[in-house]
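Hello,

Here is the structure I promised to pass on. Please open it alongside this note, and I will walk you through what turned up.

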Amino acid sequence: MNDLNFASPAEVGLCPDRLQRLVQVLEGEIGSGRLPGAVAMVARRGKVALFESLGMQNPGAGTSMARDTIFRIYSMTKPVVSVAAMMLMEQGRLVLGEPVARYLPEYANQKVAVERNGELTLHAAERDATVQDLLRHTAGLTYEFLGSGEVQRQYATLQMGSRERSNAELSKALAAVPLTHQPGSIWEYSRATDVLGRLVEVVSGQTLGDYLQRNIFTPLGMLDTGFSVPEADHGRIAEPFAHDPDGGVPMRVFEPRRVAALQSGGGGLMSTAMDYARFLQFLRNKGELDGMRLLGPHTVDFMTSDHLGTIAASGDLLPPGHGFGLGFAVRTAAGISSVPGSVGLYYWGGIAGTTFFVDPAQDLYALLMIQAPNQRDYYRPLFRSLVYAALID
């Protein structure tokens, strides 16, 4: 499998000096002891103009960062699993407007929790959550770490973050807990893509890992992507600092050296910069890479369009001027947001710090691979701003 095509920055309308400034800023962050290391990639017009590895891959062991370092990408798993679901849709095996309960019976007759004056009452769902609701995070599910409401406390008590449950067991446990909102009424970031991963298993008849391997990773040449890292590659795994450089608390990330029961569709994958860039190039190409077409062009456009409309967003994870598509945040306004980008840009990131964006209007995509969980909200907009500063035509 060939790597992606490379070009000099000037060939694709990027300023070499300004791209180098991006590298220098990251080097400064590493030198200050706030960031262990990074792999940064910027591509335009289908060609890679910057691919740099900086700093330490494993600060505890003193290992230098390499281009092929393997990272915990956490929620950057979600776009991949969303593509898997859309492939099943294109095959006629999945209908987005159908109730989740058609495929996963445990989601029938769900209840919605309503808290008033410290009292919790349960109300019948006004409509069933659909597959589209799972893809766009409007199914009424939540994450235990996004608040302290009764439903989130139940998630925490039931240890929804455990990697010791199978996908089937997690799906059943989630279905037994009340919803936070009526389906289709509110965007709330959630374990919906974990449920989607289980749905892919039921529809395909394969484990999520096997389905992704056969239908996405192998065709796209994503040779180092999976839910665990084989022993021969343990020395390539990126690690955060043992303690947060800002607050001193121990850094907690999952252990990818052993095979967990859970294959989390919402956050379980390990990958490299080049593997994930191949996935982004496939999206940039509207569903095809190196002659392998996994999705039709209109399906990619559909996925990366706003699916919220007037549906309000809960919390502050979705910035102003953005909606959400089927697996990605989508920019809906040229301004409003505090970071640059074109209308139609789509992106997401992982809780350990990894981030990507694709800007079709500029024919640009970029990704930053880091393992710095508590600094992620600083480095994502910094990276985005530096990439756009390098655009000169």
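Predicted model: local features only at pLDDT ≥ 70, side-chain atom pairs only at ≥ 80, totals over all residues.

Arg 191 has a relative accessibility of 8%, so it counts as buried (buried means under 20% relative accessible area, exposed over 50%, partly exposed in between, with a 1.4 Å probe and protein chains only). Its side chain meets that of Asp 194 in a salt bridge, at 2.9 Å from N to O; the term stands for a side-chain nitrogen of Lys or Arg within 4 Å of a carboxyl oxygen of Asp or Glu. Asp 194 is buried as well, at 5%.

Residues are numbered from 1 along each chain as its sequence is written, and side-chain values use heavy atoms, leaving out hydrogens and water.

The count of salt bridges comes to 21. One of them pairs Arg 45 with Asp 393, with 2.7 Å between the closest N and O atoms. This pair links distant parts of the chain, 348 residues apart: Arg 45 is in the loop between β1 (37-44) and β2 (47-58), and Asp 393 is in the segment after α11 (376-389). Helices (H or I, at least four residues) and strands (E, at least two) are DSSP runs, numbered from the N terminus. Arg 45 is partly exposed at 36%, whereas Asp 393 is exposed at 54%.

Helix α5 holds both Glu 150 and Arg 153, three residues apart, or about one turn of the helix. Their side chains form a salt bridge too, at 2.9 Å from N to O. Glu 150 is partly exposed at 21%, and so is Arg 153 at 42%.

Next, have a look at two helices. α2 (residues 77-90) and α8 (residues 208-220) pack at about 80°, their axes 11 Å apart (axes are lines fitted to C-alpha atoms, for helices over the stretch in contact, and angles run from 0 to 180 degrees between N-to-C directions). They are therefore roughly perpendicular, a label for angles of 65 to 115 degrees.

Best wishes

Note on methods
Parallel < 35°, antiparallel > 145°, perpendicular 65-115°, else oblique.
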